[in-house]
2 protein chains.
Amino acid sequence: MKTALADVNTPAVLVDLGLTRRNIDRFQAYADKHGLKVRPHIKTHKLPAIAEMQLDAGAIGITCQKVSEAEAMIAGSDRIKDVLITYNILGNEKLAHLAALAKKVTLSVVADSAKVIDGLSAAFAEEDKPLTVLVECNTGADRCGVATPEAAAELAKRIAAAPGLIFGGLMTFPPTGGARAVQSFMSRAKVFLEAAGIDVPVITSGGTPSMMKAALAPIATEYRPGTYVYNDRSLVARGACAWEDCALTVLATVVSVPAANRAIIDAGSKTLTSDLFGQTGFGHVLGRPDIAIDQLSEEHGRLVTTGPIALSVGDRVRVVPNHACVVTNMVDAVHIVEGDTVTDIWPVAARGKIT
Amino acid sequence: MKTALADVNTPAVLVDLGLTRRNIDRFQAYADKHGLKVRPHIKTHKLPAIAEMQLDAGAIGITCQKVSEAEAMIAGSDRIKDVLITYNILGNEKLAHLAALAKKVTLSVVADSAKVIDGLSAAFAEEDKPLTVLVECNTGADRCGVATPEAAAELAKRIAAAPGLIFGGLMTFPPTGGARAVQSFMSRAKVFLEAAGIDVPVITSGGTPSMMKAALAPIATEYRPGTYVYNDRSLVARGACAWEDCALTVLATVVSVPAANRAIIDAGSKTLTSDLFGQTGFGHVLGRPDIAIDQLSEEHGRLVTTGPIALSVGDRVRVVPNHACVVTNMVDAVHIVEGDTVTDIWPVAARGKIT
């Protein structure tokens, strides 16, 4: 298929594969130079075909956040063979799905408590193949993760001793600019573990904003960037990329120009989402830095200017969202574009997979 | 089916039908008392079966925001016979779908510009049945809508004169507490129109926060509440309802308790959404007013307290989201609950219908 952008029903989420490939290659080259393995987080695209592009570029496997997300990705590509789920998995239903997944691919998960480890062990004790479990460490993001290297070592010992489990290493989701904190925490944890006779095969860190400084934590063996594949307004604001690197945009139509300095587009919070991600306003209109998207209703986006808005009803705009990862999750399919032409429509295989 | 809540895979969006019915009946009784017709906005639930509950209670029809949303609702219930789409509809694809819809139900739409009216007229000029078009008026929300009663009258005349169209009245989405502004704007517009010999059969207003003061704008003939069907944290904060009236909740599991005053649940921005809706934090944990949900990642929600959080890994919580309408749109299905039992799972028929 070939459809001109002018004929696409709006709002529509557009993905430029050329830019996507360039974004993938850029970080892979950096990682290769620094001897870092890449395990991209697919939460951003949720598309098996883009995971394959990442594997082609040199990724060692993928990262998923939920069991159902991993299932959808594996179902969509027989080339995905190695999956890390960076989540504490609890509950009989999820554990049963996890055991089924482990028969299909090389699977690892994380844990930050004895309760999670014991649940994983109970689920895998009778399985033929043990499950690899990494300890999640809090290096400053204050989300999940054990608070100290000592606590990490204690949980690692528990994993190593648990039936059905293998200790796989240490994982963290660091704060932006947290490479030195990662280096410090992980170095100390590794010392504790090696003193206890436990090898630490993998130390995995992540986060797109700081990815080009990943080498400041040389103790890490792998890195899990997610948003880098598309980029977004928050990353432009942080200086991590330029507008020209933003591979995901939202095509919208101006449906009303009710005042000289106000226009309304047909993309609201059910498309762009309300994620601010540290920004003011809800996205960037490409080519119109004078416009602020100052308010979203569910299906309306409000564009305002200080001078004349100079838009007419029926005009189309392309919006770089604040946060690409949540936008991809709003739609059943994305439009693949080359320049001003839509070349394909791809179902978002893992959209809405939250369990 | 009957499943205990304790066995439901999380996160899950729960809908209590008993509370839903009570919420529907409460506003219908108010509207009946004041001689106001009710045309609920289905954006909140996107479920044909709940639209039927609203019709059973006395609603005269439904409101949709998008053509695709209306299509999904009509496909899901042959009892939906009257639909108002409160949106400026532009573009050949949408207009073709609109013409097809008009053959199935009594259909009306809104317009706030000559461009939209002319497009509708071109699409319906050759149809057997004319399309009813209302003029959207800005009574202070500063979204869409003509700015003055004079401008409303001008557009009404254009509709009345356009082949294929019938002028249906005036529509507004008022600001919260805007009943007096509605009364003032609409009264003046009606005078202009009637002086021009044009009847104004419908004046439709909406918005849940001010719905129990709708009678302060007696000129309105119908009202379009949406969120009232479920209620949410923003409405509790505005004093429009109590926690006990919140029919939609998110069931989540505590997956980590990494510090004495911090716990992490498995519902993040891809479930609760980042909509703040004037609130601080991202939801209310039922029964735990001491907890703030201060940060969301895509699949993590962070719960913090000033004292001890007193939660354990594996515990479950129910969260009232800031904004119910966007949460229903995040999931393919909602769990219907009675007390602590899930009695059914309903696919969200119009989820993701943004075009």
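**Helix 3 of chain B.** I listed the buried ones: B:Val67, B:Ser68, B:Glu69, B:Ala70, B:Ala72, B:Met73 and B:Ile74. Their cover includes helix 2 (48-57), strand 4 (62-64), strand 5 (82-88) and helix 4 (92-102) of chain B. Helices here are DSSP runs of H or I with at least four residues, and strands are E runs of at least two, numbered from the N terminus.

**B:Ile85.** Next I looked up its contacts (heavy atoms within 4.5 Å). Leaving out residues up to four places away in sequence, B:Ile85 touches, among others, B:Val67, B:Ala70, B:Leu98 and B:Leu101.

**Chain A, helices 3 and 4.** How do their axes cross? I found that the axes of helix 3 (residues 67-76) and helix 4 (residues 92-102) of chain A come within 10 Å and cross at roughly 30°. Helix 3 of chain A and helix 4 of chain A are therefore roughly parallel (angles under 35 degrees). On the helix 3 side of chain A, A:Val67, A:Ala70, A:Glu71 and A:Ile74 meet A:Lys94, A:His97, A:Leu98 and A:Leu101 of helix 4. I sorted the residues of this contact into five nonpolar, one polar and two charged.

**Housekeeping.** Residues are numbered from 1 along each chain as its sequence is written, and chains are lettered from A in the order written. For this predicted model, local features need pLDDT of at least 70 and side-chain atom pairs count only at pLDDT 80 or more, with hydrogens and water left out of side-chain values.

Methods. Axes are lines fitted to C-alpha atoms, for helices over the stretch in contact, and angles run from 0 to 180 degrees between N-to-C directions. Angles under 35 degrees count as roughly parallel, over 145 as roughly antiparallel, 65 to 115 as roughly perpendicular and the rest as oblique. Ala, Val, Leu, Ile, Met, Phe, Trp, Tyr, Cys and Pro count as nonpolar, Asp, Glu, Lys and Arg as charged, and the others, Gly among them, as polar. Buried means under 20% relative accessible area, exposed over 50%, partly exposed in between (1.4 Å probe, protein chains only).
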